[in-house]
Amino acid sequence: MSEAIRFLHSLAQALSTLVLYSPGHPATRRSIDGAWQALGALLRVDEHPTFFFLGTAPVYSGRALHELRDWPYAKRLTEVGVQRLEFDTIVTEEGLAEFFNQLMIRLNSGPMSAEEGLALIPGIMYGSVAVETAVEEDVGEAEEYADTYVELNAELSDEIDAMGYVLDEGVRGVVARAEVEAVSRILGGFLEHHDAPQISWSNDFSRYPCMHPINTALLAMAGARAAGVDPAGRQRIGVVSLLHDIGMTRLRAGLGSQSWLSPDDRTLIESHPREGARLLLDHGGRGMELAAIVCYEHQLRPDGGGYPPRRFRPVPHWASRLVGTAAAFVALRAPRPYRPAWSLERAMGALEVGEGTVFDAEAAKLLLGVLRQS
């Protein structure tokens with residue numbers, strides 16, 4: 001059953017990527033390749049997998065997949081007449097790519113006729129079905145398989161590469177706003193399926209600057225959702241999270257990964273919130289004001305510590321407090337050249353102990369709730 005669930009996740013990821021990128025884009029090719037790999041794994045355990053999409057949880061092998069009851073494409077596929085999807089072992093990777101092409105046409109243009117849904121591609125059949133009786137969701141079986149769902153350990157190589165580009169542009173004094181907004185939309189899609197997904201940390205420490213903002217955005221967006229922020233607001237939280245450390249690009253390369261900092265190095269590090277805010281205000285264009293505020297405030301502490309130093313101490317913006325707390329937790333969970341990664345329990349304990357002093361109490365409680373739930 002888990003191979004079927006993995007394939008549907010890869011199907012949704014590929015469709016979401018096709019919405020954002022052109023057919024020839026590397027991200028598109030990788031997402032379709034991921035779906036092909038997932039389909040191959042499914043075909044090795046089921047030579048003729050068949051799915052039904054009836055507007056609720058997808059149905060596979062006669063059972064409603066309760067784990068995917070909120071799968072976003074169930075309703076959309078139903079609406080365009082793709083209520084049945086079958087595969088056979090003769091399917092090819094090229095055939096799957098063509099299927100995605102045709103599916104995107106249907107999603108953009110509307111329902112298909114019955115004739116159009118017949119054996120369009122070798123090894124793939126899809127179309128509408130006549131529903132005469134309701135599919136009974138077996139609650140007992142759902143409970144039996146409840147532990148087959150594993151929280152996403154997200155593999156977002158394209159988004160990591162995109163953040164690398166954003167950081168490279170920051171070094172040049174450019175804000176790659178379109179790329180940041182695209183990554184935020186993709187992360188929002190992952191949050192439709194999972195409570196608090198995170199990228200698997202790499203032992204390549206040079207990738208940390210690209211991975212840290214993505215994990216921070218995922219956690220901060222999950223916190224915003226738990227707080228009742230609407231989807232548009234969550235996307236803004238994603239954007240500001242991805243840009244919260246952009247000021248590091250204005251400093252000496254590698255400074256953030258040094259195992260020891262001199263007093264001069266520390267002073268330089270503490271200038272990055274100010275540098276990031278200046279970059280966003282000067283070169284980010286209209287609508288970057290909140291990102292600049294979060295950049296400037298995310299290192300401030302409720303006990304008056306943190307940086308940059310201020311003469312007056314107004315309460316930081318709610319987004320700054322949320323993103324700053326999420327960023328600190330994410331940093332503790334990451335392996336660094338000078339220390340191993342903290343365990344989940346230890347990092348959560350740090351949030352609890354630091355409530356109201358190191359971390360904003362409201363933000364810490366909110367994120368702890370999200371982490372416990374997930």
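Helix axes are lines fitted to C-alpha atoms over the stretch in contact, and angles run from 0 to 180 degrees between N-to-C directions. Helices (H or I, at least four residues) and strands (E, at least two) are DSSP runs, numbered from the N terminus. The structure is a predicted model, in which local features need pLDDT of at least 70 and side-chain atom pairs count only at pLDDT 80 or more, while totals for chains, interfaces and linings use all residues. Residues are numbered from 1 along each chain as its sequence is written, and side-chain values use heavy atoms, with hydrogens and water left out.

**Helices α7 and α8**

Helix α7 (residues 177-190) packs against helix α8 (residues 208-226) at an angle of about 55 degrees, and their axes are 10 Å apart. The two helices are therefore oblique to each other; angles under 35 degrees count as roughly parallel, over 145 as roughly antiparallel, 65 to 115 as roughly perpendicular and the rest as oblique. In contact terms (heavy atoms within 4.5 Å), S184, L187 and G188 of α7 meet I214, A217, L218 and M221 of α8. By class, this contact has five nonpolar, two polar and no charged residues. Here Ala, Val, Leu, Ile, Met, Phe, Trp, Tyr, Cys and Pro count as nonpolar, Asp, Glu, Lys and Arg as charged, and the others, Gly among them, as polar.

**Aromatic pairs**

Rings of Phe, Tyr and Trp (its six-membered ring) pair if their centres lie within 6.5 Å; planes under 30 degrees apart count as stacked, over 60 as edge-to-face and the rest as tilted. The whole structure holds 10 aromatic pairs. One of them, F87 with F99, is edge-to-face, at 6.3 Å centre to centre and 80 degrees between the planes. F87 belongs to strand β4 (residues 84-87) and F99 to helix α4 (residues 93-109), 12 residues apart, and the pair links distant parts of the chain. Both residues are buried. Ring pairs join F7, F51, F53, Y60, W71, Y73, F87, F99, F100 and Y126 into a cluster.

**T50 and S257**

Buried means under 20% relative accessible area, exposed over 50%, and partly exposed in between (1.4 Å probe, protein chains only). T50 is found in strand β1 (residues 50-52), and S257 lies in the loop between α9 (231-242) and α10 (263-269). The contacts below leave aside neighbours within four places in sequence.

| Residue | Relative accessible area | Contacts |
|---|---|---|
| S257 | 27%, partly exposed | R336, P337 and Y338 |

The C-alpha atoms of S257 and R336 are separated by 7.3 Å, although these residues are 79 residues apart along the chain.
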